[in-house]
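Please open the model in your viewer and keep the selection tool at hand. The stops below follow one another, and each names what to select and what is there.

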Amino acid sequence: MSKASPLILLLMLAGCATGPAFVKPDTPAPADWSQWRSGDSSLHPPLAGASAASAAPAWPPSWWTMLRDPVLDELERRAVAASPDLRTAALHFAQARVQRGVTAAQAGPQVNGTAGATRQRQSEVGASTRMLDVIGGAAGNRDQLVSLLSEPFNLYQAGFDASWELDLWGRVRHAIEAADADVATQAALLEQARMTLASDVARHYIELRTAQRQQDVLSRDIAAQQERLSLLQARANAGALAELDLARQHGDLEASRAQIPPLLAQQAASIGQIELLLGEHPGALNALLAKAAPEADVADVADVAALPALALGLPSEVAQRRPDIQAAEAKLRAATANIGVAKADLYPSIKLGGHFGFESTADSKFGSWGSRTWTVGPSLDLPIFDHGRRLRVVQLRELQQQEAAVAYQRTVMAAWHEIDDALNGYAAESEQLSSLKARDLNNRESLKLALARYEGGTVDYTAVLDGQRGVLQSQRDVTASEGRLLQRFAALNKAIAAPPKGEAARTSP
């Protein structure tokens with residue numbers, strides 16, 4: 001065998017990585033949006049898919065801008081800049097990247113420098129003087145030699161140590177692959193934190209504005225009830241109305257007044273949740289959020305966020321861009337790579353090492369060519385018997401990979417159920433809002449008719465007040481439904497993982 005044969009053998013072994021190769025799993029998805037839907041078919045409006053994507057407007061990168069509310073836009077911007085949750089996720093991502101660098105550093109040679117200057121004395125009866133019992137005893141001058149050797153002396157040392165583990169079985173390569181997967185996991189979790197933050201800010205803001213509008217309508221309803229009560233009181237004083245009817249009107253008025261405190265508490269809770277998401281102290285956003293937005297901002301939400309007018313894209317693309325699915329896939333990739341790390345530990349490891357330095361007991365000769373020392377050569381670490389520990393680690397990593405595969409499939413299915421629930425909820429609320437608006441329109445027509453009859457003298461003013469109350473009640477119902485529709489809209493955007501606005505929407509430490 002030639003001298004080059006061992007080197008060629010080592011190079012061949014270096015390409016023999018152990019462990020399974022990662023295969024990207026298939027992401028189950030329907031062929032179009034008409035499939036994989038639960039519930040009644042009336043909840044399945046036509047959605048723009050691949051065929052209609054070119055004709056329909058693109059889904060906006062910052063979906064909350066569709067609500068045309070500058071206050072919400074400002075809150076979303078401030079949340080991205082100051083959210084503690086988002087900063088924590090960004091720090092986790094940064095830590096994963098640094099850890100990847102730590103792992104990758106194992107692939108290269110390691111070099112350390114050493115230096116020292118010590119004062120030493122050897123024992124007169126230690127192991128180092130045992131040879132003198134033979135040599136010195138025969139020559140008759142043992143005591144003299146021991147005296148000379150045991151005298152204190154200075155020792156000067158300096159040098160470099162280098163080592164490099166040959167990655168014959170791919171342990172380091174698999175470890176780097178697992179670290180890359182961890183980075184991808186944290187990147188996906190960072191994106192999920194961003195999406196959750198945007199959704200939570202919008203959700204609490206919608207809750208606040210809905211409660212404020214309900215309070216406004218309720219206040220107008222209470223004013224109408226008070227006016228009606230005054231008219232009924234006058235009729236009761238004249239003996240034209242029973243006291244029971246007057247007492248019933250008093251009860252209705254107090255019942256309406258009792259609804260004000262819960263609405264105020266809901267507003268305070270919503271403001272507090274927004275402040276918490278933005279990392280602000282209680283009361284910091286009172287001036288910005290205390291005044292309700294104009295009603296026109298959300299009155300036409302059904303037209304602003306109508307699903308048939310927007311292209312969601314291919315269902316498979318929607319599923320693949322969800323960060324929870326991306327994180328589950330990255331965890332599966334890391335679990336697969338860890339099997340290779342565990343299997344590589346079953347085989348011998350070879351490390352090339354070397355040392356070069358200087359050593360001298362005389363400072364005048366330290367650093368001279370004659371004081372040099374060096375060593376070079378490989379070292380072998382061969383696992384022989386460990387009570388099956390390494391084999392059980394391999395089994396453990398394989399079971400963890402199976403668990404990650406199950407978690408991936410479950411995450412995909414959960415994602416599609418979340419998307420289906422969001423689509424059904426939005427469609428149902430849209431239908432309910434349409435019906436409530438039709439009811440409100442009928443109540444307005446009834447009020448116009450009551451006003452006409454009152455002006456004609458055929459009915460008294462209580463009929464007008466009753467018509468006003470009917471309109472106010474229908475407005476309250478419409479306002480509540482609009483708020484729920486906005487909530488559904490926010491949930492839908494989170495479910496489909498609406499794409500961020502480029503890198504500007506991402507947070508980095």
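Buried means under 20% relative accessible area, exposed means over 50%, and partly exposed lies in between, with a 1.4 Å probe and protein chains only. This is a predicted model, in which local features need pLDDT of at least 70 and side-chain atom pairs count only at pLDDT 80 or more, while totals for chains, interfaces and linings use all residues. Residues are numbered from 1 along each chain as its sequence is written, and side-chain values use heavy atoms, with hydrogens and water left out.

**The whole chain**

Of the 509 residues in the protein chain, 36% are buried. If contact is taken as heavy atoms within 4.5 Å, then residues 24 or more positions apart account for 85% of the contacts in the protein chain with a separation of 6 or more.

**Two residues with positive phi**

Select Trp36, in the loop between helix H1 (5–14) and H2, where phi is near 55°, a positive value in a residue other than glycine. Trp36 counts as partly exposed because its relative accessibility is 42%. Next select His387, in the loop between S4 and H14, whose phi, near 60°, is also positive in a residue other than glycine. At 63% relative accessibility, His387 counts as exposed. As background, most residues other than glycine have a negative phi.

**The sheet**

Now show the four strands, which form an open sheet in the order S1-S2-S3-S4 with antiparallel pairing; two strands pair if DSSP finds at least two bridges between them. Strand S1 (110–120) and strand S4 (372–381) stand at the edges with a single partner strand each, so one side of each is left without a neighbour in the sheet. From one strand to the next, the twist averages 20°.

Going across the sheet, S1 is joined to strand S2 (residues 153–166) by 11 bridges, and Gly113 has Phe160 in S2 as its bridge partner. S2 and S3 pair over 11 bridges, where the bridge partner of Glu165 is Lys351 in S3. Strand S3 (residues 349–360) then pairs with S4 over 10 bridges, and here Lys351 stands opposite Ser379 in S4.

**A pair of helices**

Select helix H6 (residues 171–237) together with helix H15 (residues 461–495), whose axes come within 9 Å and cross at roughly 175°. The axes are lines fitted to C-alpha atoms, for helices over the stretch in contact, and angles run from 0 to 180 degrees between N-to-C directions. H6 is therefore roughly antiparallel to H15, a term used for angles over 145 degrees.

**The cores**

Which residues touch the most other members of the largest nonpolar core? They are Leu75, Val201, Leu278 and Leu289, in a core of 38 residues. A nonpolar core is a set of buried Ala, Val, Leu, Ile, Met, Phe, Trp, Tyr and Cys residues joined through side-chain atoms within 4.5 Å. H6 gives the most to this core, with 10 residues. Apart from it lies another core, of 15 residues, including Ile325 and Trp416.

Finish at Leu289: leaving aside its neighbours within four places in sequence, Leu289 is in contact with Val71, Leu75, Tyr205, Leu208, Arg209, Gln212, Ile271 and Ile274.

Definitions and conventions. Parallel < 35°, antiparallel > 145°, perpendicular 65-115°, else oblique.
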